[in-house]
Every structure is written in C-alpha cells, then in structure tokens.
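This report covers a single protein chain, from individual contacts to totals. The sequence and the coordinates come next.

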Amino acid sequence: MVSGQSGVVLGLGVLALLSVGPLVVALRRARAHGDWDLTASLVCATGLLASLPSVVYILRGGRQEQVDAFGDVEIGFPGWVDRVGTVANGLLLVVCVAFVAHRLLLRRPRVLLAPLLACALVVVLALSDGLHGQPFLVPRQLVLIAVLCAAAVARPGRPAFAGAAAAVLLFTVLSGAEALLSPAAVLRPCRPDNPCGLLGIHYAGVFTNENILSLVLVLGMPFVWLGLRGGVRVLLVCYLAFLAVVTGSRLAGVAALATLALLVLLRPRLDGAATRPAAWRTLLTLPLLAATALVGLALPFHHPGPARLGDRAVIWDMARAELSRSPLTGLGGTAWSAKYPAGEIPAAVSPSLHNQWIDVLFAGGLLGLALFVLLLLYLALRGGVTGLPVAACVLLPVLICSVLERPWSFGISNSLTFLLVAAVLLPVPAPRAAAAAAPASGASRAASPARTPRPRPAATARGR
C-alpha cells in the first residue's frame, strides 16, 4: 500500500466513525416508531450470519491471499473459518425455524407469494443438481430455502427494509474500523486487467473482494431510504453511494449514481395514503426497468468479445455451449462453481457467471428463467401504479448490476441473501381509507389515537 492509498483509507475510516451517529439516530427512531420487530431482526441476522466467515477472517487475520496452481488467487477459507461458517449456517437455520413457528402459531400471518416464487426457483436448481450428479440440497441450499420460507410468513415493508439497512450500515462501520486498525487489510491490489478506481484503490472492507462490498452498498441504498425515517436517511444513502464509487467497481459506481438519481427523482415512500404517481413517473420507470432487463438478458448472447469484456465474454461463451445439454431444467445451482476444482475455469470467475440472466439460465434452464422473470414481474407490478416508485427503486440497482454481476444467488446462501429477502418483502400500498385510519407518517405508537371509552352503565341508565 502506497502513501496516497493510506491517506484515502484513513479518510474512509474517519467517515465510518462519523456515520455511527446518524446510524444510531436512525435505529433509535425505527425502534420508537415500531418499525423494528422480529422481521427486521430476521433480515438483519441473515445478513450478519451469512457474512460472518468473511468478516471474522478479515478482522482476525487480515487479507492473506494464496495463489493456486494456475497463478490465480485461491477461492476458499482456512479450515477454522469454514467451521465458523458451519456454525453460522446452523444458527441461521435454527433462527428461521423458530421464526416460522412463532409466526404460524402466534400471529397466523398471510403467506406471501414472492418469497415462495424465489423458493421455488431454489428448489428447481437443487433438483437440477441432483439430476446431473451434483450433491442434492447442500447445507447452504437448505439455509437459503429456510430463509425464504421464513420470509413467506414475515411482515413485508418497512420492518424488512429497516433490518436490511441496519446490516448494510453495520458492514460499513466494521469496514471503516478495520481501515483504521489495519489499512492494508481492507484493500485489494490493482492489476492491469482490473485497474484501480477513481481514488486509486480497490476497497473491499470486511469482504473478500470489492465486488461483494459494492453490491451490498448499491443494493442496500433503497432499503436505507425506505426503511429508515427522517432526513438522516438521505445523508446515509449519499454516504453509501460515495462508498460504492470508492470501491473501484465501475459497474457499482454507475449503479449507485443511477439509483441515487432515481430515489431523488421519484421520492418513494411507504407512509400515508397510496397516492397515484404522476403519469411521467410511470412512463419513466417502466421503460427504464424493461430496457435494463433486456440489456442484461441479451448481453451474454451478443457481446463485443474478450477485448472489451475480458473473462466474462469467455465464460459466457462456455456456458452458452453447454445450455443444450439440459435446456429445460439447466445443469444445477452448483454446476458452474464445480468447474473450478476440476481446473476448467479460473478462481476469479468460479462463484458465478457474472450475469444474473445467464447464471439462472445455466443453472435452472428455461424453467428457472421463467420463474425468475415471473418473480421480477410480480415484484414490479403487484403494487399497481401506486406501488411502482418503491418497486422501481428496489429493482433498478438489481437489474443494473445483473448486467455484469449476479446480485441474487438462487443456488446457495451468501453475503447478499439478506438483500434478496428484503426485496421479496416489498409491501403492497394500503388503500386510501385504510391509510387514513392509520397513524400519520412519522407518528409513534404512543401517538396513535386512543379509542373512545364506552359509557358506563350508570350514565346510560340516567339517559333512559
């Protein structure tokens, strides 16, 4: 790490410490308004437990990267970190089972369709694994199914968004603290095929690489805006956008600026009566979402080649050549990552195909792709015109990142699973009459109108 980089990292650490104050204010406000409940705790716990191995590894041992026989950075953790992951996954599984039991036995909630659609896609990928000789229902697949089943009986809307926002902001604080204590541990080296960003660094924080951190930041921006209350949320969203640019990921920088612009333009909100947005907002958001989705779907099949896209173009061509082996059900959720131990692909591209669309098509075939499209359409349209601004702000960063990354994993649980859970818990706008009877925006539970007391029997008798 050179002197210029150390100054930038020190500044990031100071900014993280300064963000603690707004974060505490926002979380205390969420608690006071009844936004934090078991659903918020579930989403936040999902984010923290799924990322626990990476966070513990970076905080305890720094960034000790090993090189494999191909000259690439080796994928995987030491044995003790894997044991931490096993414990974290087991604990998350227990949390999900307890959450489902509590909701079904005591609350009797309405079962939500969006998490079940996502769960169906996970099951299709797991079945495809079994059909093609891969292990069927590996532990992280079971955890992913359990989390989505818990989401199916969770409380949609602000509680889920608040839990996701808390997890994202806690990751930024941990990354900033590590930047102050061990500056070299939060950076990854710049390479000719992966040059540094605007500030001359690759900022990975407490994650294994800058791409994971950048996706957490970008996909978390809408949940900070929608899940928290007051003007402090705008400050925190701008802070996340800045960090996304600082990571060095060009895709994340574009997605962060586009998401911030859409949030400011549409100003989505979850409170109050479901008002019909202006026609120009509908005319803007629907074509924007559709065009971004079409670009992501078409790019792996019509791309400019390795000269512009590097290894992504190569692996997309490899995946396309194998689609004919099982066009209906795909090759399985773990089929692509299994190519790395076999020596067919380098480590850097083994986690995914770096495009959400071909990743789903390769793993789940046409059936998986149909379920994924159905999930996106349901999330975008279930709230009608009144819910479109909220849905658009949540889905736009996902669709932008889907062009060159895989933000949502349906094969196994990972550090981004909690953002998938929050996304499938999009709320349906309340009717105007119901919203008018509810407490006003920003009102606490204590400020709710009291019930009119019943007249006492003696007073009633005097009136007879």
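## Charges over rings

The charged end of R233 lies over the ring of W225, 4.9 Å from its centre. Such a placement is counted if NZ of Lys or CZ of Arg is within 6 Å of the ring centre and within 35 degrees of the ring normal. R60 has its charged end over the ring of W80, at 4.6 Å from the centre.

The model is predicted: local features need pLDDT of at least 70, side-chain atom pairs count only at pLDDT 80 or more, and totals for chains, interfaces and linings use all residues. Residues are numbered from 1 along each chain as its sequence is written, and side-chain values use heavy atoms, with hydrogens and water left out.

## Aromatic pairs

Searching the whole structure gives seven aromatic pairs. Rings of Phe, Tyr and Trp (its six-membered ring) pair if their centres lie within 6.5 Å; planes under 30 degrees apart count as stacked, over 60 as edge-to-face and the rest as tilted. Among them are the two pairs in the table.

| Pair | Centre to centre | Angle between planes | Class |
|---|---|---|---|
| W357 and F372 | 5.1 Å | 75° | edge-to-face |
| F372 and F410 | 6.0 Å | 70° | edge-to-face |

Helices (H or I, at least four residues) and strands (E, at least two) are DSSP runs, numbered from the N terminus. One aromatic cluster is formed by W357, F372, W408 and F410.

Both F372 and F410 are buried. Buried means under 20% relative accessible area, exposed over 50%, and partly exposed in between (1.4 Å probe, protein chains only). W357 counts as buried because its relative accessibility is 5%, and F372 does so with a relative accessible area of 1%.

## Cysteines

A disulfide is taken as a pair of cysteine sulfur atoms within 2.5 Å, and by this rule the count is one disulfide. Which cysteines form a disulfide? They are C190 and C196, with their sulfur atoms 1.3 Å apart. The link of C190 and C196 is right-handed, with 55° about the S-S bond. C190 is partly exposed, because its relative accessibility is 33%; C196 is also partly exposed, at 25%.

C149 is in no disulfide, and the nearest cysteine sulfur, that of C119, is 4.0 Å away. At 33% relative accessibility, C149 is partly exposed. C44, by contrast, is buried, with a relative accessible area of 8%.

Helix α9 (residues 232-246) has 15 residues and spans 21 Å from its first C-alpha to its last, close to the expected 21 Å at 1.5 Å a residue. The expected span is 1.5 Å times one less than the number of residues. The buried residues of α9 include V232, L236, Y239, L243 and V246. G248 follows α9 and has a positive phi, near 100°.

A291 is in helix α11 (residues 279-298). Its relative accessibility of 40% makes A291 partly exposed. A291 and L399 lie 108 residues apart in sequence, with 9.6 Å between their C-alpha atoms.

## Chain totals

The chain has 18 helices and two strands. Of its 464 residues, 50% count as buried. Of the contacts in the chain (heavy atoms within 4.5 Å) with a separation of 6 or more, 78% are between residues 24 or more positions apart.
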